[in-house]
Every structure is written in C-alpha cells, then in structure tokens.
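Please look over the structure shown below before reading on. The notes after it are meant for someone meeting this structure for the first time.

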Amino acid sequence: MTDTHDTNLPEKQEELEEAKTTVEATGPSNTETPAEETDKEEATKGQPAPRLTKEEILAKLKEVAANVEGTNKADIDSLKQAYYKSRNAEIEAAQKQFIDNGGDAESFTPPADPTEEEYKRIMSVIKEKRSEIAVEQEKQKEMNLQVKLSIIEELKDLIESPEDPNKNYAEFKKLQQQWNEITLIPAAKANELWKNYQLYVEKFYDLLKLNNEFREYDFRKNLEIKQRLCEAAEKLADEPDAVSAYHQWQKLDKEFRETGPVAKEQRDEIWARFKAASTAVHKRHQQHYEALKAEEQNNLDQKTVICEIIEAIDCDALSSPAQWEEKAQEVIALQAKWKTIGFAPQRMNTAIYDRFHKACDDFFHKRTAFFKALKERMSQNLEKKKALCEKAEALKESTDWKATGEMLANLQKEWKTIGPVNKRYSNDVWKRFIAACDYFFDRRNQAMSAQRGQEQENLQKKKEIIGKLEAIQVEELGAEEATRQVKEYMKEWNATGYVPIKEKDKLQRRYRTAVDKLFDQLNLSAAQKKLTTFRSNLDSMTEGGNQLYRERERLARIYENMKNELLTYENNMGFLTTTSKKGNSLLDELRRKAEKLRSDIELTKQKIKAIDETIKKESEEEKKEA
C-alpha cells in the first residue's frame with residue numbers, strides 16, 4: 001500500500017481528479033462530430049469575403065488547393081461567391097457600356113471570361129482532394145474507435161488487478177493520455193463509448209486511497225470554479241446574439257472540462273446545472289440556424305415562383321411590339337424582385353439561379369428574334385412608302401384636279417394600309433409624301449377661287465349663327481333647352497362651308513367667345529369643351545388640303561402612345577403593395593395618372609371620330625359636285 005503521507009501524493013491526486021473531471025463533466029464533447037462541423041460552417045455562412053479581384057480570388061483558391069486540409073468549407077464557398085459576384089459585375093458593366101455606345105440591349109452577348117477555365121480546374125482539384133480527405137477521415141475514425149475500445153479493456157484490467165490502484169497510477173495516466181490524444185471517432189458511437197470510458201475511470205478513482213485533507217481542499221476549490229462557470233453559462237440565456245452566446249459557451253465548456261473534480265456527492269448536481277445551462281445555449285443556437293434555414297427555404301420558394309412565371313409566358317401569343325414590351329417590363333420587374341431575395345439553401349442555390357438565368361435568356365432570345373423579323377418587315381414597308389412618294393411626285397404637277405385628287409386620295413388610303421417603318425426614316429419619308437400631296441392640293445385650291453361667292457354666302461350664314469348664339473338667354477330658356485339650341489347652332493356652323501380667308505380668324509374668335517361664354521353658363525366639362533372646340537376648328541383644316549389626314553395620323557400616334565403608357569401604369573400598380581405609407585402614396589399617384597390617361601384617350605378617340613366624319617362629308621360633297 002502507498003504511504004498516505006507521500007509528498008508526491010497531492011500532485012498525483014490533482015492530476016488524476018482533473019483527468020476524471022474531463023470525462024465526467026463534458027462527456028464526449030472533445031470528439032468533434034459531423035454535426036458540429038456543420039455548426040461551425042453555419043456560423044460563418046453568409047459572411048462575404050473581402051472585395052477581391054478575380055485574379056486574387058484565383059490565387060487564394062490555388063492556396064486552398066495546396067492545403068485543403070487546413071481550409072474549412074465556408075471559406076471556399078465565400079471565395080466561390082466572390083468570384084461569381086465579380087463576374088456578374090463585369091457582365092453588367094459590359095452590357096451598360098454596350099448600350100451607352102448605341103447597342104441594342106437584346107443583342108448583347110456576355111464576353112468570354114479567360115479566367116473561367118482556370119477557375120473550374122482549380123475547383124475540380126479542391127473537390128477531388130476534399131473527397132479523398134473525407135474518405136481517409138472515415139477510415140481514421142474506425143481505427144480510432146478500435147483503439148479506444150482497447151483502452152477501455154485495459155482500464156477494466158487495471159480495476160480488476162489485485163495490486164494497489166496507486167501503483168497502477170502510471171499505467172492509468174498513460175492510458176488517459178492516449179485516450180485524450182484520439183479525437184475523431186464515428187459520431188454514432190461517441191456517446192456509448194464515452195459512457196463506458198467514464199464508468200471505468202470513476203471505478204478506478206473510487207479505488208484510490210488518497211490524502212483527505214488535500215482531496216477536500218481541491219474539491220472546494222474546483223467547486224467554486226465550476227459554480228462560477230455555471231453562473232456565467234446561465235447568463236448566456238440573456239445574450240441577444242445566439243451565435244455569440246454559443247461561442248462564449250465553448251470557452252466556458254473548455255474551462256469546465258479543464259477544471260478538476262468536486263466531491264462525489266456534488267458531482268451530479270454541479271454537472272446537471274452546467275448541462276442545463278449548456279442545453280439552453282445549444283437550443284437557442286439550433287433555433288437560430290433553423291430560422292436561417294426556414295428563411296432560405298422561403299427564398300427558394302419565392303425564386304421558384306418567379307421562374308415559373310417567366311417560363312409560363314406564351315411567347316407565341318405575343319404578336320405586337322407593345323405586347324412584347326409589356327412582357328419585357330414584367331420580366332425586368334421580376335429580375336429586380338429576384339435581386340431583393342436572399343440566398344436559397346446552398347444545395348439548391350446554383351440550380352435555381354441556373355433555372356432563372358435560362359428562363360430569362362430564352363425569353364429575351366425570342367424577343368430579339370421577333371424584333372429582327374419586325375425590322376425586316378419595316379424595311380419592306382419603307383420601300384413601299386418610297387414607291388408611293390414617287391407616284392405622288394409624278395402627279396403633283398397635274399391640272400386634272402378631280403381625277404388627280406382622287407388618285408392622291410387613294411394613295412393616301414394605301415399609305416394607311418402599309419405598316420410602320422423605322423423611326424429613323426419615318427418622319428423623312430412622310431414629309432416627302434405629304435409635301436407632294438400638299439403641293440397639288442395647294443395649286444388646286446388656288447385654281448378654285450371661283451368659289452369665293454359661296455364663301456361670302458357662308459360668311460353671312462356664320463355671322464347669323466353667331467348672332468343667334470349671342471342672343472341665347474340661358475336663364476330664360478333653361479339649361480336643357482339652351483344646351484339643345486347651342487348644339488344645334490354648332491352643328492349648323494360645322495355644316496356651313498368655307499368663308500373668305502381674311503375673315504376666317506376674326507369670325508372664328510367671335511364664334512369661340514360666344515360658345516365659351518355659353519359653356520361657362522351651362523357648366524360643361526373640360527372634355528366636352530375641348531371636343532366641341534376641336535369640331536369647330538375642323539373647317540379650317542379642310543381648307544388645308546391634306547391637313548385633316550395629317551392631324552388624324554398625329555392623333556392616332558398619340559392614341560397608341562397613351563394606350564401603351566396606360567398599360568405601363570397598370571402593370572406597375574400590379575407590383576406595388578400598400579404595406580407602407582410610401583407604397584400607398586405611390587399607388588395613389590399612379591391611379592390618378594392612369595385615370596387622367598383614360599379620360600385623355602377617350603377624348604382623342606372622339607377627335608379621331610370627328611375627323612372621320614368630316615372626311616366622309618367632304619367625300620360626299622365632292623361626289624355631288626362631280
């Protein structure tokens with residue numbers, strides 16, 4: 001038996017108890033499992049790498065390839081994300097420069113990246129090496145498991161040995177050191193292995209005969225330390241940042257494991273207290289990453305819906321530039337929405353991006369093909385309109401007023417049946433055509449000065465109409481009867497032919513003054529006033545030959561532009577929400593603008609209808625004269 005007054009005994013006792021406490025207090029936490037590796041990766045996930053050039057990223061990836069064992073997966077993923085962000089930034093810059101230089105956005109093709117092949121080669125090497133390391137680690141874990149099982153068997157032998165346990169101390173210390181040096185083992189076996197090891201270590205300690213005075217002193221000292229660690233661990237429940245709390249707990253856990261044992265009757269109590277605090281930290285840590293995973297899954301769901309919307313676009317049903325532009329704006333809005341959504345789960349992030357990129361590419365490639373075909377048709381339309389210009393120019397010197405007038409009118413009708421041409425040439429070819437037509441009709445108007453007598457008669461009629469308008473008393477007649485008479489006189493005014501040109505402006509001003517005064521008394525709407533005034537001005541347009549046709553084409557272009565603008569407002573309103581004050585204000589403003597556009601569109605339609613009626617009336621009068 002060992003002398004209980006041996007001077008080296010307290011030192012041995014402390015070392016033995018510290019070794020025992022390492023087992024009893026922390027369990028198998030010194031064995032890092034795949035789940036803990038995942039936690040470490042998750043803890044660094046989402047932390048972007050410093051802003052690096054692609055060449056710097058490739059250099060770092062080469063360093064990683066040379067030392068894959070010393071690099072964690074999160075660092076590799078961070079470098080991958082940084083590479084693709086840099087690549088995407090280059091593409092966006094190239095596209096912007098292409099458009100600034102006059103290029104068509106649909107014709108842009110991303111430039112080739114000379115670093116991409118090198119990047120793929122390095123990543124292939126890293127992936128292969130990581131796979132090899134993983135295989136070797138699994139083999140090593142199995143070997144370590146067998147070694148630890150043999151250590152437990154040797155501990156059994158020490159306990160069952162008839163010799164004094166103190167004499168077996170050196171052998172026990174050797175086995176303990178050997179056990180602690182082995183870290184990686186299969187996670188499924190870790191808990192059971194640790195329990196067996198703890199069982200036999202405690203049995204060995206219970207056999208020891210040590211100096212009670214030193215033993216009690218160490219127990220008290222260790223108890224104070226562990227109580228302090230428990231208090232610190234319990235305070236982590238109030239730490240707002242779950243990740244920070246987990247990292248702080250790791251330091252406390254390490255210190256707890258390194259602290260020696262306490263009295264046997266207090267071991268379970270102090271360990272249960274520390275374990276309860278640890279469980280609370282682990283639970284919050286796990287909940288934090290579960291929330292992150294739920295958010296990533298929600299992001300994946302949103303991105304999947306965006307992909308489905310773009311993929312569902314029926315491009316075969318889009319037959320006009322306005323329809324294609326409307327859908328293009330929808331896709332662009334979805335692209336903007338995509339950028340506001342965070343990462344999807346890592347295993348799906350690349351796949352969902354590839355799907356989104358392909359859906360967008362397919363749509364814009366089809367759009368480019370449509371506009372290419374449209375451009376070809378516009379070129380054909382330009383040639384047709386040039387041919388009409390040549391015909392009109394060949395007729396403009398004719399003095400056969402009736403026949404030539406009919407031929408030019410037919411050319412104008414044919415002009416309307418021809419589709420649009422490129423905006424670059426549209427104005428010039430129209431000016432050329434209308435100049436030839438105007439030249440003929442101006443000459444015809446000059447030649448028809450014999451109609452001046454009729455113009456004098458028309459002048460007298462219009463003066464009488466103005467007198468009747470000025471004589472209307474709204475209060476005496478009542479609003480309904482007054483309105484009827486005003487409309488009747490205005491209709492009579494519009495039916496009356498031309499007046500001498502020198503009298504036209506003065507007469508028109510007098511007529512407008514009388515009508516506006518009655519309008520104010522009758523409280524007619526602004527739209528009604530505009531339309532009525534427009535109708536009254538049509539007679540002056542008829543004197544200008546083809547001015548009516550020019551005005552109609554101008555109004556038709558305005559009408560189409562306003563329709564497209566209204567579609568854009570309605571489309572934008574569909575993407576806005578009213579969850580914020582700002583969103584509500586913007587939505588109200590868009591609704592107000594859309595309502596005004598609808599009113600302007602209706603007024604323009606009425607103006608076009610009025611022109612058509614006037615043209616029809618002129619045509620009928622010309623037939624009667626013939």
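The briefing below goes from the whole chain to single residues.

This is a predicted model, in which local features need pLDDT of at least 70 and side-chain atom pairs count only at pLDDT 80 or more, while totals for chains, interfaces and linings use all residues. Residues are numbered from 1 along each chain as its sequence is written, and side-chain values use heavy atoms, with hydrogens and water left out. The protein has 21 helices and zero strands; both are DSSP runs numbered from the N terminus, helices (H or I) with at least four residues and strands (E) with at least two.

**Overall picture**

- The protein has 626 residues, and 37% of them count as buried. Buried stands for under 20% relative accessible area, exposed for over 50%, and partly exposed for values in between (1.4 Å probe, protein chains only).
- The accessible surface of the protein is about 37600 Å², and carbon and sulfur atoms hold 50% of that surface. Areas come from the Shrake-Rupley method with a 1.4 Å probe, and for residues only the protein chains shown count as cover.
- Among contacts in the protein with a separation of 6 or more, 82% join residues 24 or more positions apart. A contact means heavy atoms within 4.5 Å.

**Salt bridges**

- The count of salt bridges is 24. The rule asks for a side-chain nitrogen of Lys or Arg within 4 Å of a carboxyl oxygen of Asp or Glu.
- Lys-120 is bridged to Glu-116, with 3.6 Å between the closest N and O atoms. Both residues are in helix H5, four residues apart, or about one turn of the helix. Lys-120 is partly exposed because its relative accessibility is 44%, and Glu-116, at 31%, is also partly exposed.
- Asp-253 and Arg-257 form another salt bridge, their closest N and O atoms lying 3.3 Å apart. This pair belongs to helix H9 (residues 242-258), again with a spacing of four residues, about one turn of the helix. Asp-253 and Arg-257 are both buried.
- In the salt bridge between Glu-481 and Arg-484, the closest N and O atoms are 2.6 Å apart. Helix H17 (residues 479-495) holds both residues, three residues apart, about one turn of the helix. Glu-481 has a relative accessible area of 27% and is therefore partly exposed; Arg-484, at 46%, is partly exposed too.
- A network of salt bridges links Lys-62, Glu-118 and Arg-121.

**Negative surface patch**

- Glu-154, Asp-157, Glu-160 and Glu-171 form a negative surface patch. Patches are made of residues with over 30% relative accessible area and no salt bridge, with like charges joined within 9 Å and nonpolar side chains (Val, Leu, Ile, Met, Phe, Trp, Tyr) within 5 Å.
- For charge, Lys and Arg count as positive and Asp and Glu as negative, while His and the chain ends are not counted. The place of a charge is NZ of Lys, CZ of Arg, CG of Asp or CD of Glu.
- Helix H5 (residues 116-160) gives the most to the negative patch, with three residues. Asp-157 is placed in helix H5.
- Glu-153 also has its place in helix H5, and Glu-153 counts as partly exposed because its relative accessibility is 41%. The C-alpha atoms of Glu-153 and Tyr-200 are 9.3 Å apart, although 47 residues separate the two along the chain.

- Asp-77 is part of helix H4 (residues 73-100). Its relative accessibility is 14%, so Asp-77 counts as buried. From Asp-77 to Gln-346 the C-alpha distance is 9.4 Å, against 269 residues in sequence.
- Arg-367 belongs to helix H12 (residues 346-395). With 6% relative accessibility, Arg-367 is buried. Leaving out residues up to four places away in sequence, Arg-367 touches Glu-106, Trp-324, Glu-325 and Ala-328.
- Leu-522 is in helix H18 (residues 501-522). Leu-522 counts as buried because its relative accessible area is 13%. Leaving out residues up to four places away in sequence, Leu-522 touches Val-474, Ala-479, Ala-482, Thr-483 and Val-486. Val-474 lies 48 residues from Leu-522 along the chain, and their C-alpha atoms are 7.8 Å apart.
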